[in-house]
Amino acid sequence: MTQPLILIPTYNERDNLIPFIQAVRAALPEADLLIIDDNSPDGTGKLADTCASEDPGVHVLHRPDKQGLGRAYLGGFDWALARDYSHVFEIDADFSHNPKDLPRLLEATENADVALGCRWMPGGGVSGWPWSRLALSRFGNLYARLILGAPYRDLTGGFKCFRREALEAIDLSGVQTVGYGFQIELTWRVLEAGLKVVEGPITFV
């Protein structure tokens, strides 16, 4: 049985939280959502609690302060693995990742352990970035690819789908990085465990 969980870290996302939840629900109705809020000053956590009280598929994990995206996801992974979820997603709450891409990434894990949303492949792309940020992202991914010897084009991206078995196979307690390096380290640990990774096209806005 497929039972996905979508991890949604938040910090001051009150204005777009409800439309984002609605978009995710529309794209992948069978999935549960875990809002991981870092004590947002704007009341995002309280709004998330309200959403959870109205929808049994929405859950909230409150953290005492802002500790970085990597720590938020690690907390979410632990929460997921303590329950019977078959797949776990990473996604940004600000619509930079399109919820409509969720089913495609889930489908990609039918023949892989992890699916990476990729901006730098046919069918993918980036919208609204200046050339300087485009160049920095492309260089960063090329550098990570060369250092790790991994044939993937978007190692710094934060839109991913993990099979449960993939998260169980890696040492999450040993993950050290918290920023963009977190995404690279997580994929590296998956590859070190001998698991299969694929990329699927996404557009980052």
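Why are E185 and R189 separated by about one helical turn? The two residues are four places apart in helix α7, a segment that spans residues 180–192. The model is predicted: local features require pLDDT of at least 70, side-chain atom pairs count only at pLDDT 80 or more, and totals for chains, interfaces and linings use all residues. Residues are numbered from 1 along each chain as its sequence is written, and side-chain values use heavy atoms, with hydrogens and water left out. Helices (H or I, at least four residues) and strands (E, at least two) are DSSP runs, numbered from the N terminus.

**Sheet**

- Seven strands form an open sheet with mixed pairing, in the order β3-β2-β1-β4-β7-β5-β8; two strands pair if DSSP finds at least two bridges between them.
- The edge positions belong to β3 (58–62) and β8 (197–201), each of which has a single partner strand, so one side of each is left without a neighbour in the sheet.
- From one strand to the next, the twist averages 20°; axes are lines fitted to C-alpha atoms, for helices over the stretch in contact, and angles run from 0 to 180 degrees between N-to-C directions.
- Five bridges join β5 (residues 114–118) to β8 in the parallel sense, and A115 stands opposite V198 in β8.

**Helices on the sheet**

- Helix α1 (residues 14–27) packs on the sheet and touches β1 (4–10), β2 (32–37) and β3, where contact means heavy atoms within 4.5 Å.
- The direction of α1 makes about 155° with that of β2.
- Helix α3 (residues 69–81) lies across β1, β2, β3, β4 (87–90) and β7 (160–163), and runs at about 150° to β1.
- The 13 residues of α3 reach 18 Å from first C-alpha to last, close to the 18 Å expected at 1.5 Å a residue; the expected span is 1.5 Å times one less than the number of residues.
- The buried residues of α3 are G70, A72, Y73, L74, G76, F77, W79 and A80; buried means under 20% relative accessible area, exposed over 50%, and partly exposed in between (1.4 Å probe, protein chains only).

**Salt bridges**

- The whole structure contains six salt bridges, each defined as a side-chain nitrogen of Lys or Arg within 4 Å of a carboxyl oxygen of Asp or Glu.
- One of them joins R63 to D38, with the closest N and O atoms 2.4 Å apart.
- R63 lies in the loop between β3 and α3, and D38 in the loop between β2 and α2 (44–54), so the pair ties together parts that are 25 residues apart in sequence.
- Both R63 and D38 are buried.
- In helix α6 (residues 164–169), R164 and E168 lie four residues apart, about one turn of the helix, and their side chains meet in a salt bridge (2.9 Å, N to O).
- R164 is buried, with a relative accessible area of 16%, whereas E168 is partly exposed at 49%.

**Surroundings of E185**

- The side chains of E185 and R189 meet in a salt bridge (2.9 Å, N to O), and both residues are buried.
- An α-helix has 3.6 residues a turn, so residues three or four places apart point the same way.
- E185 counts as buried because its relative accessibility is 12%.
- A polar atom of the E185 side chain lies 3.2 Å from the backbone nitrogen of Q176.
- Not counting residues up to four places away in sequence, E185 touches G174, V175, Q176 and T177.

Notes:
A polar contact is a pair of N or O atoms within 3.5 Å; within protein, one must be able to donate a hydrogen and the other to accept it, and residues adjacent in sequence count only if both atoms are side-chain atoms.
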